[in-house]
Amino acid sequence: MQPHFFAAKAFCKAGFMLVLACLILHTAQAQTQTVQHPILAIGAQAPDFSLPGVDGKTYSLKNFAGSKYLVVIFTCDHCPTAQAYEDTIKQLVTEYKPHSVAFVAISPSDPKSIRLDEMGYTDLSDNFAEMKIRAKDKQFNFPYLFDGATSATAMLYGPQATPHVFIFDRQRKLRYTGRIDNSLGTPGTAKIFDTRNALNELLADRPVTVEKTKTFGCSVKWPEKHELANDEASKFKDEPVTLDDITIDSVKSLMANQTNKYRLVNIWATWCGPCVTEFPDFVTINRMYRLREFETISISMDDISRKTNALGFLQKKEASFQNYILNGDKYQFIDAVDKDWQGALPYTALIAPGGKIIYSTQGAINALAMKKLVVNSLGRVMVIPEQYKKMFE
């Protein structure tokens with residue numbers, strides 16, 4: 001039985017090529033002899049660790065001593081490939097637990113090394129608090145451990161991408177390392193089941209036929225990648241911020257959304273306390289998803305005479321998406337936006353291509369719930385076109 005995922009929709013070429021370029025690099029790195037954090041060698045002893053789990057316990061190898069075999073999987077929250085395999089991992093745990101096979105998942109990435117443009121397929125980053133949310137949302141049936149404080153355990157094992165599997169025998173010698181299967185993270189397309197094959201051979205007391213495979217997914221965000229995330233943050237400051245007038249007729253066209261993008265519209269004002277407080281959430285959401293079929297639009301309800309003040313606020317918040325200020329009758333504007341809206345600020349709507357409002361609220365948003373709604377609408381799984389798949393063979 002294959003897991004269900006929200007179908008991935010078309011996304012902009014720039015966003016796809018960015019993610020694809022990263023995945024190509026990660027796959028290639030796994031095959032070289034000069035990687036910065038080399039993969040643990042076949043036959044090597046399992047390095048011990050002491051890591052916190054999302055269940056409040058601290059885990060080391062001794063916690064799994066009662067099992068004949070141990071599967072260590074390096075995975076994470078933010079990676080689309082890792083997310084695509086979550087249900088598969090749960091299925092493997094259920095199937096092999098009766099055969100004395102223990103599973104443990106470790107998140108290796110330093111959250112401070114993750115760029116926002118690497119989070120276009122997720123609602124959660126890789127910090128410990130958000131790992132707890134993912135485990136609860138997905139009802140993980142295996143321990144999920146955080147190594148991102150130092151990535152020290154990951155450096156000993158050498159995962160190259162998420163997910164990356166390491167299978168150890170009774171003596172905790174490494175017998176297999178690599179991918180779960182050859183699906184490239186697209187559910188239901190696997191034809192070679194490497195992890196399952198290795199486990200079946202070990203359970204039958206046979207040598208593992210294929211001991212090592214390529215890995216495919218997002219690279220580990222090692223602590224030395226802090227600079228990349230810092231560079232992204234500094235570049236945001238250079239992006240232009242504008243504020244244009246908008247008329248009632250233009251508002252109607254905007255709400256009709258005759259584009260192929262999901263459109264997040266936030267209506268706010270500088271004199272509205274909740275608007276000002278939540279506005280940074282819209283900036284973050286835009287930066288996460290803007291390389292996909294998604295856009296953020298803000299409309300200020302400040303008096304047109306205060307346009308300069310509103311622009312100053314937007315510039316301070318680095319709101320480099322499309323910003324408007326109403327130039328027209330406010331009551332006509334309210335009806336043009338949503339006849340059910342009573343006019344209180346803030347007001348937010350997520351509009352699907354074709355104009356269907358799939359979410360609206362009069363009042364502040366829940367940022368995490370909004371991210372989840374956006375990414376579930378866009379799709380969490382990156383479908384790789386056939387012409388690119390040969391790059392990973």
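Two strands count as paired here if DSSP finds at least two bridges between them. With that in hand, welcome to a predicted model in which β12 and strand β13 (residues 357-362) pair in the antiparallel sense over 5 bridges. Elsewhere, 5 strands make up an open sheet with mixed pairing. The largest nonpolar core holds 35 residues, and another core, of 25 residues, lies apart from it.

- Thr348 is a handy residue to look up in the viewer: Thr348 in β12 is the bridge partner of Asn266, and Thr361 in β13 is the bridge partner of Thr348.
- The hairpin of β12 and β13 has 5 residues between the strands, and Gly354 in this hairpin takes a positive phi near 100 degrees.

**The open five-stranded sheet**

- The strand order is β5-β4-β3-β6-β7.
- At the edges sit β5 (144-146) and β7 (174-178), each of which pairs on one side only.
- On average, neighbouring strands of this sheet are turned by 20 degrees against each other, direction ignored.
- Strand β6 (residues 164-168) pairs with β7 in the antiparallel sense over 4 bridges, and Phe166 has Thr177 in β7 as its bridge partner.
- Helix α4 (residues 128-138) packs on the sheet and touches β4 (101-107) and β5; the direction of α4 makes about 170 degrees with that of β5.
- Helix α6 (residues 194-203) lies across β3 (69-74), β4, β6 and β7, and α6 runs at about 0 degrees to β6.

**Strand β3 within that sheet**

- What is the pairing sense on each side of β3? β3 and β4 run parallel, joined by 6 bridges, whereas β3 and β6 pair in the antiparallel sense over 5 bridges.
- β3 is mostly covered, with 6 of its 6 residues buried.
- Tyr69, Val71 and Ile73 point one way from β3, Leu70, Val72 and Phe74 point the other way, and all are buried.

**The nonpolar cores**

- Which residues have the most contacts inside the largest nonpolar core? They are Ile267 and Phe333.
- At least two residues of this core come from each of α8 (248-256), β9, α9 (273-289), β10 (294-300), α10 (307-316), β11 (322-326), α11 (330-337) and β12.
- Leaving aside residues up to four places away in sequence, Phe333 touches Ile248, Val251, Ile267, Ile299, Met301, Leu326 and Trp341.
- The separate core of 25 residues includes Tyr69, Val93, Val101 and Leu199.
- Tyr69, one of the members of that core, is also among the buried residues of β3.

Terms used. Residues numbered from 1 in each chain as written. Predicted model: local features only at pLDDT ≥ 70, side-chain atom pairs only at ≥ 80, totals over all residues. Heavy atoms only, no water. Axes fitted to C-alpha atoms, helices over the stretch in contact; angles between N-to-C directions. Contact = heavy atoms within 4.5 Å. Buried < 20%, exposed > 50% of the residue type's maximum accessible area, 1.4 Å probe, protein only. Core = buried A, V, L, I, M, F, W, Y, C linked by side-chain atoms within 4.5 Å.
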